Amino acid sequence: MTIAYPDDAAIARIAAGLLARSLPKQEWTHAAHFAATLHLLRHQSDFDGPRDLPAIIRAYNVAIGGQNTDTAGYHATITLASLRAAQSGLAMHHGLSLHSILDRLLAGPQGRSDWLMAYWSRDRLFSTDARRAWLAPDLAPLVF
């Protein structure tokens, strides 16, 4: 099994860097997105993913010199679908460490950066509408 991060302390560092907007851009990987989300879901009792994660990611993008536009930066549908995957992983493996949950998540379909293409057509997923707000899948229901 692939090990994205050696322990939960490494995941906590990723989440802290995201929140502080100090995580180096090159460390904001596919695995880091899931790691930070898992950490926030488990350790921030006031964290409401659909409410809070968009603002966190948008602010981080700007802090590292990016933009949030109709073609770049924050993507609502990808973020919310990934949030659902993280929530499902936590629920299925509640008693495990975060790095173990993350490894299981990444060992499955969600470990591929194109995993959403099983649910959304390319045109729909990468549309301006999907970037701006949740857009339901058009190929298959998003079920975990």
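**Pocket, fold and selected residues**

Modeller: The lining of the largest pocket comprises 14 nonpolar, 11 polar and 3 charged residues. Here Ala, Val, Leu, Ile, Met, Phe, Trp, Tyr, Cys and Pro count as nonpolar, Asp, Glu, Lys and Arg as charged, and the others, Gly among them, as polar. This is a predicted model, in which local features need pLDDT of at least 70 and side-chain atom pairs count only at pLDDT 80 or more, while totals for chains, interfaces and linings use all residues. Residues are numbered from 1 along each chain as its sequence is written, and side-chain values use heavy atoms, with hydrogens and water left out.

Colleague: How much space lies in the largest pocket?
Modeller: About 610 Å³. On a 1 Å grid over the protein atoms alone, a pocket is an open set of points where a 1.4 Å probe fits, with protein on both sides within 12 Å along at least five of seven lines; lining residues have an atom within 4 Å of a point. Grid points are joined across faces, edges and corners, and the volume is the space filled by probe spheres set on them.

Colleague: Which residues are the closest to its centre?
Modeller: Of the 28 lining residues, His-30, His-33, His-75, Ile-78 and Thr-79 are the closest to the centre of the largest pocket.

Colleague: And which helices each supply at least two residues of that lining?
Modeller: Helix H2 (30-43), helix H3 (49-63), helix H4 (76-92) and helix H6 (122-125) each do. Helices (H or I, at least four residues) and strands (E, at least two) are DSSP runs, numbered from the N terminus.

Colleague: Turning to the fold, how many helices and strands does the protein chain have?
Modeller: There are 7 helices and 0 strands, giving the pattern α-α-α-α-α-α-α along the sequence.

Colleague: Why does the radius of gyration agree with a compact globule?
Modeller: Because a compact globule of 144 residues would have a value near 15 Å, and the protein chain has 15 Å. The radius is taken over C-alpha atoms, and the globule rule is 2.2 Å times the number of residues to the power 0.38. The C-alpha trace spans about 35 × 35 × 30 Å along its principal axes.

Colleague: Is Thr-77 buried or exposed?
Modeller: Thr-77, in helix H4, is buried, with a relative accessible area of 1%. Buried means under 20% relative accessible area, exposed over 50%, and partly exposed in between (1.4 Å probe, protein chains only).

Colleague: What is Thr-77 in contact with, leaving aside neighbours within four places in sequence?
Modeller: Its partners are Trp-120, Leu-125, Ala-130, Ala-133, Trp-134 and Leu-135, where contact means heavy atoms within 4.5 Å. The side chain of Thr-77 also reaches the backbone nitrogen of Leu-135 at 3.1 Å, a polar contact being a pair of N or O atoms within 3.5 Å; within protein, one must be able to donate a hydrogen and the other to accept it, and residues adjacent in sequence count only if both atoms are side-chain atoms.

Colleague: Where is Gln-110 found?
Modeller: Gln-110 is in the loop between helix H5 (98-107) and H6, and is buried at 9% relative accessible area. Beyond four places in sequence, its contacts include His-30, Phe-34 and Trp-115.

Colleague: What about phi of Arg-21?
Modeller: Arg-21 has a positive phi, near 60 degrees. Most residues other than glycine have a negative phi. Arg-21 lies in the loop between helix H1 (8-20) and H2 and is partly exposed, at 45% relative accessibility.
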